[in-house]
2 protein chains.
Amino acid sequence: MEEKKYCYKYPHPAVTTDCVIFGFDGINLKLLLVERGIDPYKGCWAFPGGFLNMDETAEEGARRELEEETGLKTAYVEQLQTFTAVDRDPRERVITIAFYALVKISEVKGGDDASQARWFSLDESPSLAFDHELILRVALARLKEKIHFEPIGFELLPEVFTMTELQNLYEAILGVKFDRRNFYRKMTALEILEQVEPEKQRTSKRDPIPYRFNAERYAELKKKHFILEF
Amino acid sequence: MEEKKYCYKYPHPAVTTDCVIFGFDGINLKLLLVERGIDPYKGCWAFPGGFLNMDETAEEGARRELEEETGLKTAYVEQLQTFTAVDRDPRERVITIAFYALVKISEVKGGDDASQARWFSLDESPSLAFDHELILRVALARLKEKIHFEPIGFELLPEVFTMTELQNLYEAILGVKFDRRNFYRKMTALEILEQVEPEKQRTSKRDPIPYRFNAERYAELKKKHFILEF
DNA sequence: TTATCTTTGCGTCAAATTAACGCAATTGAT
DNA sequence: ATCAATTGCGTTAATTTGACGCAAAGATAA
């Protein structure tokens with residue numbers, strides 16, 4: 001029998017972290033899921049996650065899981081919510097501190113052979129293990145709220161992007177359509193975008209202006225109690 | 001020596017819940033704190049909290065703590081964030097799932113003699129135990145965000161209130177001043193308030209109109225994708 | 001008592017913001 | 001060659017916002 005050497009006067013739940021990883025392919029919002037190789041929920045897909053180490057914070061744990069699946073050491077990671085339903089894991093009492101991450105899909109290392117990770121579009125997402133469907137709903141709701149007031153959309157886009165790509169992202173996240181011209185005007189008015197010097201050819205009236213998110217400018221504006229709102 | 005009979009193959013952190021309890025006295029936002037009777041932080045003030053039972057969810061745990069200190073079985077309670085700094089408790093690894101509650105001060109049972117609980121105004125709040133100052137900052141930030149888009153202010157007011165009281169509450173939470181007439185117009189336009197029949201005397205042009213939050217009306221509006229915004 | 005504040009409800013108006021849609025230049029496709 | 005689609009930039013009317021006026025009536029203080 002296995003040795004159980006960590007003992008407490010009162011029962012302690014097990015604590016895990018799970019990380020909902022969002023990406024964007026230019027059209028659709030994507031989710032990085034891993035296939036479970038063991039029971040419970042063997043064969044089901046789930047968010048990357050695992051037990052919390054005693055010497056790391058929950059965010060460190062979530063980032064560790066993120067790096068294991070994507071190779072990314074840095075990314076936008078934010079705590080989502082802690083899920084504590086008594087029977088959410090059939091084995092024992094397990095609570096999970098859920099996070100969500102926004103990554104640039106192109107920077108994610110291509111799934112090596114051994115990786116069981118795969119990107120799914122939201123509408124083709126398989127049924128998920130544990131209470132991960134609930135976690136996903138909460139994550140999507142949070143993402144929608146958040147993008148109204150924080151420039152987090154850029155975390156999902158390449159460094160350089162076009163206004164149309166940016167609009168596609170907002171539409172994908174918020175599930176609405178915007179008028180192209182009004183979107184352009186509103187986004188420009190925020191003054192957090194800068195045009196990238198058209199390296200080779202001059203803007204030939206058809207190919208779109210390449211933009212870049214100006215983080216310094218946003219930091220300045222934020223200091224001055226400017227409120228981003230979209 | 002005490003018996004330690006709950007044993008695991010891997011170490012488990014201890015899990016607590018803490019509940020930031022907000023009230024409103026008509027002028028200032030208030031906090032319900034309890035004085036710690038034992039070390040660590042003996043004599044310091046802290047949010048009501050305690051260890052999570054194995055057969056309850058975190059929210060049930062938070063509500064249990066809330067009822068112990070206020071006698072309230074029902075109140076607005078929402079999960080805030082989970083705090084996991086490795087050394088936040090000097091005794092052992094403890095993570096806490098923090099909640100915040102909004103209560104009507106008048107409904108809170110007067111602190112019986114045994115109670116070590118006391119209401120504090122925000123600006124007179126004592127130094128707090130553990131990482132509770134951090135938790136408080138996060139709770140205040142959340143409250144500010146939340147009240148912009150959800151009708152949670154009414155949870156802090158009596159059933160019947162005046163427009164001036166409502167404005168005082170918004171000003172206390174958001175830390176800004178509003179023009180009385182514009183506040184009135186904007187709030188009225190939301191159509192989530194109903195006038196309470198002036199029971200005895202007709203509105204004698206000086207005493208204010210008593211209002212009540214119309215939850216049914218708000219639910220209807222919400223269904224129709226109406227967006228509350230203040 | 002009387003003159004002076006304060007509080008409350010409701011109104012006005014100009015400035016700012018938003019939503020809807022026009023237009024021309026250019027390019028890729030049929 | 002014609003046509004549809006894309007991109008950048010304007011225009012206009014409706015809506016919303018911010019700042020402030022005003023009168024009635026109770027409270028306050030000389």
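In helix α1 of chain A, the residues A:Ala58, A:Gly61, A:Ala62, A:Glu65, A:Leu66, A:Glu69 and A:Thr70 are buried. Buried means under 20% relative accessible area, exposed over 50%, and partly exposed in between (1.4 Å probe, protein chains only). Seen down the axis of α1(A), these buried residues fall within an arc of 150 degrees, so they line one face of the helix. The arc is taken from the directions from the helix axis to the C-beta atoms. An α-helix has 3.6 residues a turn, so residues three or four places apart point the same way.

The model is predicted: local features need pLDDT of at least 70, side-chain atom pairs count only at pLDDT 80 or more, and totals for chains, interfaces and linings use all residues. Residues are numbered from 1 along each chain as its sequence is written, chains are lettered from A and ligands numbered from 1 in the order in which they are written, and side-chain values use heavy atoms, with hydrogens and water left out.

Helix α1(A) spans residues 58-70. Its 13 residues reach 18 Å from first C-alpha to last, close to the 18 Å expected at 1.5 Å a residue. The expected span is 1.5 Å times one less than the number of residues. Helices (H or I, at least four residues) and strands (E, at least two) are DSSP runs, numbered from the N terminus. The cover over the buried residues of α1(A) includes strands β2 (14-24), β3 (29-35) and β6 (76-83) of chain A, among others. Contact here means heavy atoms within 4.5 Å. Just after the helix, A:Gly71 takes a positive phi of about 80 degrees.

The count over all chains is 1 disulfide, a pair of cysteine sulfur atoms within 2.5 Å. A:Cys7 is joined to B:Cys7, S to S 2.2 Å. The link crosses between chains, from strand β1 (residues 6-8) of chain A to strand β1 (residues 6-8) of chain B. A:Cys7 is partly exposed at 25% relative accessibility. B:Cys19 is in no disulfide and is buried, at 1%. The sulfur of B:Cys44 is 20 Å from the closest cysteine sulfur, in B:Cys19, too far for a bond.

DNA strand D is surrounded by 14 residues. Near means a heavy atom within 4 Å. Among the closest are A:Arg180, A:Tyr184 and B:Arg181. Polar contacts are pairs of N or O atoms within 3.5 Å; within protein, one must be able to donate a hydrogen and the other to accept it, and residues adjacent in sequence count only if both atoms are side-chain atoms. A polar side-chain atom of B:Asn182 lies 2.9 Å from a base nitrogen of DNA strand D.
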